[in-house]
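The following report describes a single protein chain.

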Amino acid sequence: MARRVQLFIATSLDQKIARRDGGIDWLFTDQDYGYDDFYAGVETLLMGRKTFDVCHSFGDWPYLGKRTIVFSRRPAPARLPPKVDWTSADPVELVRASAAGHGGSLWLVGGESLTTALVRADLVDDLVLSVHPIVLGRGIPLWDGDLGRTTRWSLARHEVFPSQLVQLWYARARG
């Protein structure tokens, strides 16, 4: 069975994933919102360079023990956290090859360009959207405009938390 590519991401009501400057100070941190259970099934993380920069700014690398692939056209920093691979490879081709293998899921962490490329290439199997009850107005969108196609998704489950965060789990409807 092929590995699943899963986008597990927080978004505002207006589908922003961060403020214009990359800030995520608006995210709820009062509980894990299913993150620990999701993360236990993840084998490899996929992220763009800007997302890496935000994660790396937290101090301690939050994904110790998991392989992380960072896609960037820029050279890698001199020091990378353990198990972080920096690549300028075509994300669609690399993810297509990785998803064909066996093992845990591939977590598409973000950001906008990488998410757009993988959704456009029809490589994302699951969308887990944690919708925060806030409108940012300005910010980085979930995806970059035109996805190039219409895709259908099936609601697998949903949960409304006391904080009013709504989590939606969608599976790609294929065939």
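## The largest pocket

The largest pocket has a lining of 46 residues, and Ile-9, Thr-51, Val-109, Gly-110 and Gly-111 are those nearest its centre. The space in this pocket amounts to about 1,400 Å³. On a 1 Å grid over the protein atoms alone, a pocket is an open set of points where a 1.4 Å probe fits, with protein on both sides within 12 Å along at least five of seven lines; lining residues have an atom within 4 Å of a point. Grid points are joined across faces, edges and corners, and the volume is the space filled by probe spheres set on the points.

At least two lining residues come from each of E1, strand E2 (16-18), H2, strand E6 (105-110), helix H4 (112-120) and strand E7 (126-132). Helix H2 gives the largest share of the lining, with five residues. Helices (H or I, at least four residues) and strands (E, at least two) are DSSP runs numbered from the N terminus.

## Basis of the model

The model is predicted: local features require pLDDT of at least 70 and side-chain atom pairs pLDDT 80 or more, while totals for chains, interfaces and linings use all residues. Residues are numbered from 1 along each chain as its sequence is written, and side-chain values use heavy atoms, with hydrogens and water left out.

## Parallel strands

Strand E6 is largely enclosed by the rest of the structure, because six of its six residues are buried; buried means under 20% relative accessible area, exposed over 50% and partly exposed in between (1.4 Å probe, protein chains only). E6 runs parallel to E1, to which three bridges join it, and Leu-7 is placed opposite Leu-108 in E6. E6 is also parallel to E3, through five bridges; here Val-42 has Ser-105 of E6 as its bridge partner. Strands are taken to pair if DSSP finds at least two bridges between them.

Strand E3 (residues 42-48) is also joined to E4 by five bridges, again in the parallel sense. The chain passes from E3 through helix H2 (residues 49-56) to E4 in a right-handed β-α-β crossover, the term for a path from the first strand over the helix to the second that runs clockwise with the strands pointing away from the viewer. Met-47 lies opposite Val-70 in E4. Strand E4 (residues 67-71) is mostly covered, with four of its five residues buried. Four bridges pair E4 in parallel with strand E5 (residues 84-87), where Thr-87 stands opposite Phe-71.

## Antiparallel strands

Strand E10 has antiparallel pairings with E7, over six bridges, and with strand E9 (residues 153-160), over seven bridges. Asp-126 has Ala-171 in E10 as its bridge partner, while Leu-155 stands opposite Tyr-170 in E10.

The hairpin of E9 and E10 has five residues between the strands, and Gln-164 takes a positive phi near 80 degrees there. Ser-163 also belongs to the loop between E9 and E10. Ser-163 counts as partly exposed because its relative accessibility is 22%.

## Aromatic contacts

There are 15 aromatic pairs, a pair being rings of Phe, Tyr and Trp (its six-membered ring) with centres within 6.5 Å; planes under 30 degrees apart count as stacked, over 60 as edge-to-face and the rest as tilted. Phe-8 and Phe-38 are stacked, at 4.3 Å centre to centre and 20 degrees between the planes. This pair links strand E1 (residues 5-12) to helix H1 (residues 35-40), across 30 residues of the chain. Phe-8 and Phe-38 are both buried.

Phe-38 also forms an edge-to-face pair with Trp-169, at 6.5 Å centre to centre and 65 degrees between the planes. Trp-169, like Phe-38, is buried. One aromatic cluster includes Phe-8, Phe-38 and Trp-169, along with Trp-86 and Trp-107.

## Charges over rings

Arg-157 lies over the face of Trp-169, 3.9 Å from the ring centre. The charged end of Arg-172 is over the ring of Trp-153, at 5.8 Å from its centre. The criterion is NZ of Lys or CZ of Arg within 6 Å of the ring centre and within 35 degrees of the ring normal.
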